[in-house]
Amino acid sequence: MVTNKTSDLLNDKVAKKLFTGSEAGEEYLLLIASYAMKIPYEDLKENFEIIHPNVGVNASIINSEADIAFQTSDCVICFEINYGQYKGLEQKNYSYICQLFLRQIHHKEDYPKIKPVYLINLNSFDAFGKGDFIYFCSFMDAKYHIQSNLNLFSIDINLDYLRNLEYNDIKNDELKRLLYIFVCSDKSVLDEVYEGDKLMDNIRKEINKIVDNFDLLMYYDKEKLDNEIVYNNGLEHGKKEGI
């Protein structure tokens, strides 16, 4: 069994920057989508385009900014990184599917051309509580389980499932292997899991660079900041006195 330390690196801000900030990140994003959706990588890569994460169809819709949204020649995909469950999370995430569907409709002629919409949730928890790694949901008849022509899908990936897997279970499943970095920050274990994988070497470097930059952005000299506030307040007061 692979012993791992829980990873604190890939919060949603780091993951969003990782997936959209470099060619390696975009390749990584498409590979995860390809294995999760069971659609060939080359098909997803065709006319791949990141779209604005604010997926709202009008200004009155609140909480309409997805983590990552992109489209290809044949589908529209929304990625959400969920590190905690809360009331309304599922409804909020499902609303992104509906909005990405509605955004494709401008005239009645658009209905036959609507692309399928996929929501991929990367969850740090088991969304359905059945102990599975991945759950695939779609619209279908409740009695006969006949697939609807309304091509809206959600895929929930249970990252917590990966924590106690045997080494071979990780190495022999591409999706699990790609996502293992989400739950492990032990360098020696990751070296073993990703040995000889150039893409994952680049992804690990990107993560380290992003995390280091976030750390620098969050660091500040409190005394210097306090002095700047006093100076700016004094300068503003002086301007008013001068006027």
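This is a predicted model: local features need pLDDT of at least 70, side-chain atom pairs count only at pLDDT 80 or more; totals for chains, interfaces and linings use all residues.
Visitor: How many helices and strands does the chain have?
Guide: Nine helices and six strands. They are DSSP runs numbered from the N terminus: helices are H or I with at least four residues, strands are E with at least two.

Visitor: Why is Leu44 called buried?
Guide: Buried means under 20% relative accessible area, exposed means over 50%, and partly exposed is in between, with a 1.4 Å probe and protein chains only. Leu44 has a relative accessible area of 1%, so Leu44 is buried. Buried residues make up 41% of the 243 residues in the chain.

Visitor: Where is Leu44, and what is in contact with Leu44?
Guide: Leu44 sits in helix 3. Contact means heavy atoms within 4.5 Å. Leaving aside neighbours within four places in sequence, the contacts of Leu44 include Leu30, Met37, Ile39, Thr72 and Ile77. Thr72 is 28 residues from Leu44 along the chain, yet their C-alpha atoms are separated by 5.8 Å.

Visitor: What share of the chain's contacts with a separation of 6 or more joins residues 24 or more positions apart?
Guide: Such pairs account for 60% of those contacts.

Visitor: What makes Asp110 and Lys113 a salt bridge?
Guide: A salt bridge is a side-chain nitrogen of Lys or Arg within 4 Å of a carboxyl oxygen of Asp or Glu. The N to O value for Asp110 and Lys113 is 3.7 Å, and the side chains meet in a salt bridge. Side chains of opposite charge can pair when their charged atoms come close. Asp110 counts as buried at 12% relative accessibility, whereas Lys113 counts as exposed at 59%.

Visitor: How many salt bridges are there by this rule?
Guide: The count comes to nine.

Visitor: What makes Glu174, Arg177 and Asp197 a network?
Guide: Salt bridges link them. Arg177 meets Glu174 at 3.1 Å, N to O. Asp197 forms a salt bridge with Arg177, with the closest N and O atoms 2.7 Å apart. The Asp197 pair links distant parts of the chain: Asp197 is in the loop between helix 7 (187-193) and helix 8 (198-218), Arg177 is in helix 6, and they are 20 residues apart.

Visitor: Why are Arg177 and Glu174 separated by about one helical turn?
Guide: Because they are three residues apart in helix 6, residues 174-179.

Visitor: What makes Glu42, Asp43, Glu46 and Asp74 a negative surface patch?
Guide: Patch residues have over 30% relative accessible area and no salt bridge; like charges are joined within 9 Å, and nonpolar side chains (Val, Leu, Ile, Met, Phe, Trp, Tyr) within 5 Å. Asp and Glu count as negative, Lys and Arg as positive; His and the chain ends are not counted. Glu42, Asp43, Glu46 and Asp74 form the negative patch. Glu46 is partly exposed, with a relative accessible area of 43%. Glu46 lies in the loop between helix 3 (41-45) and strand 1 (49-51).

Visitor: Why is Lys115 called partly exposed?
Guide: Its relative accessible area is 21%, so Lys115 is partly exposed. Lys115 lies in the loop between helix 4 (89-102) and strand 4 (117-123). Not counting residues up to four places away in sequence, Lys115 touches Asp74, Cys75 and Gln104, among others.

How values were computed
Residues are numbered from 1 along each chain as its sequence is written. Side-chain values use heavy atoms; hydrogens and water are left out. Accessible areas come from the Shrake-Rupley method with a 1.4 Å probe; for residues, only the protein chains shown count as cover. The place of a charge is taken as NZ of Lys, CZ of Arg, CG of Asp or CD of Glu.
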